[in-house]
Amino acid sequence: MKNLTFRERVLSIAVCMFFSCLTLMAQTQKATVNLKNTTLTELFSAIEKQTTYRFSYRNTVVNNKKIISINQSNAPVDLILKKALTGTNLEFTIVSAKSIVISDVKPQIPLGAKVKVTGVVTDKAKQPIIGATVIIKGTTTGDVTSADGSFSVNVEQGNSVTVSMMGYTPQEVKITSADRYNVVLEEQLLSFDEVVVVGYGTQKKGQLATAITTIKSDVLENRPVTSIAEAIQGSVPGLMVTTNNRPGSASSMQLRGATSLNGGGSPLVLVDGIPTEYNFMNVDDIESMTVLKDAASAAIYGSRAANGVILITTKRGKVNVPKFRYNGSFGINTPTNSPEVADSWVYAKAFNDSQINKGQQPAFSPEDIQKLMAGTDPNHYPNTNWVGYINDNSISTKHSIEASGGTDKVRYLLSAGYSYLEGSMPRNNQSVFNVRSN
């Protein structure tokens, strides 16, 4: 700090003393009041005549309060106000030596209590958004905006609400002490420049007017499946996939339901523009899949496209540094519901009971039942759980490795895949090897 001159020091001391006097004056101003059956406004006027204070308040806050009687002689103003405002739900704040503010006492909201929150949802042009959902975070409780964009929810203070509407970016609003919120939603920009495969060429997604569904490779790679039909199951609206758990059996697909009484109606599948078998392809070799679902596909592929078309585009090398990728999965398959089979001697006793009930002789003697229970002669008196033997746990595994890269002149992609699937019955399995160069 630089050295102050004598004049600057004196001026600083005078300023400090001035503000100290103002603070002391604000704290020590006194008044004498002797009022009976009077109003608060008359009390404030009496204090203003004897001090430098001026009261600020809203008439609606003070007018309807109770009649008071007060008698104080040469008492501090803050003491007079405390006694006068007791039981009125009012509070005062001494702002300075010249100003006192009278206001309502704000109720303290207990922790966890719900408060009613209202607001309006609009767009950037200040136009109300009709039908926007306002959901309390972590629950399914909320409200829907009305014609003027207004909403009302009961929510705990400190919680959040999520405001969302189709075509707009969702917004999360933190609930604080305020009871009204104005939420402005921004329009969500959709990507219509994405290029999709349509027939013999490509077209921008925003220019399409037909029923087309596109599935990218990142969706397929995250699914631990061994066939393409299983990979796209549930990803294409209107596509029904019927899987066969027997190893080596192909799954069937139908678009828009069955189209013949013979159970046919499978869509035309093209891999890089060539009709081919797709069930045993390596799923990791697929770059994208495009499903053409309406009649417009028949203009390109003719009658074969009557049941829809599935276009599979495989991965190709890209101009980049060499990349190596491995993807693998391992799973254990367990029968979901296997019947419980009785032991052989339990069956023998039950069969004897049924014979006796029919008035016939028992089929198994007590000696036969004893030998079945002993298990000493499994060839003649066996006790084998054949259902448990043929329906056992099985394993499935899939592995693939890929190397890709290239320059402006040469691009390459080499891939190899192996999948193994066991059936629930012994000696019933399938091994598939795939090698591809592109």
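Biologist: Before we start, what should I know about the model and its numbering?

Modeller: Residues are numbered from 1 along each chain as its sequence is written. The model is predicted, so local features need pLDDT of at least 70 and side-chain atom pairs count only at pLDDT 80 or more, while totals for chains, interfaces and linings use all residues; side-chain values use heavy atoms, with hydrogens and water left out.

Biologist: What is the pLDDT of the protein on average?

Modeller: The average is 78, and 80% of the residues score at least 70; pLDDT is the predictor's confidence in each residue, from 0 to 100. Over residues 18-26 the value is below 50, and over residues 200-209 it is below 50 as well.

Biologist: How many helices and strands does the protein have?

Modeller: There are 10 helices and 25 strands. Helices (H or I, at least four residues) and strands (E, at least two) are DSSP runs, numbered from the N terminus.

Biologist: Why is leucine 239 called buried?

Modeller: Buried means under 20% relative accessible area, exposed over 50%, and partly exposed in between (1.4 Å probe, protein chains only). Leucine 239 has 11% relative accessibility, so it counts as buried. This leucine lies in strand 16, residues 239-242. Across the protein, buried residues make up 32% of the 438 residues.

Biologist: And what makes methionine 425 partly exposed?

Modeller: Its relative accessible area is 42%, so methionine 425 is partly exposed. You will find methionine 425 in the loop between strand 24 and strand 25.

Biologist: Which residues is leucine 239 in contact with, leaving aside neighbours within four places in sequence?

Modeller: Contact means heavy atoms within 4.5 Å. By that rule, leucine 239 touches Ile232, Met253, Gln254 and Leu255.

Biologist: What makes a group of residues a nonpolar core?

Modeller: It is a set of buried Ala, Val, Leu, Ile, Met, Phe, Trp, Tyr and Cys residues joined through side-chain atoms within 4.5 Å. The largest one here has 22 residues, and those touching the most other members are Leu220, Ile228, Ile232, Met253, Met289, Ile310 and Ile312. Among the elements that give it two or more residues are helix 6 (228-231), strand 16 and strand 17 (252-255). Another core lies apart from it, with 21 residues that include Leu40, Phe44, Phe55 and Val77. In soluble globular proteins, nonpolar side chains tend to be buried together.

Biologist: How do you know that the buried residues of helix 2 are on the same side?

Modeller: Helix 2 covers residues 40-50, and its buried residues are Leu40, Leu43, Phe44, Ala46 and Ile47. They cover an arc of only 160 degrees around the axis, which puts them on the same side of helix 2. The arc is that of the directions from the helix axis to the C-beta atoms.

Biologist: How do you know that strand 24 and strand 25 pair?

Modeller: Two strands pair if DSSP finds at least two bridges between them. Strand 24 (residues 411-422) and strand 25 have nine bridges, in the antiparallel sense. Leucine 421, for example, stands opposite glutamine 430 in strand 25. The two strands form a hairpin with six residues between them, and arginine 427 in the turn has a positive phi of about 55 degrees.
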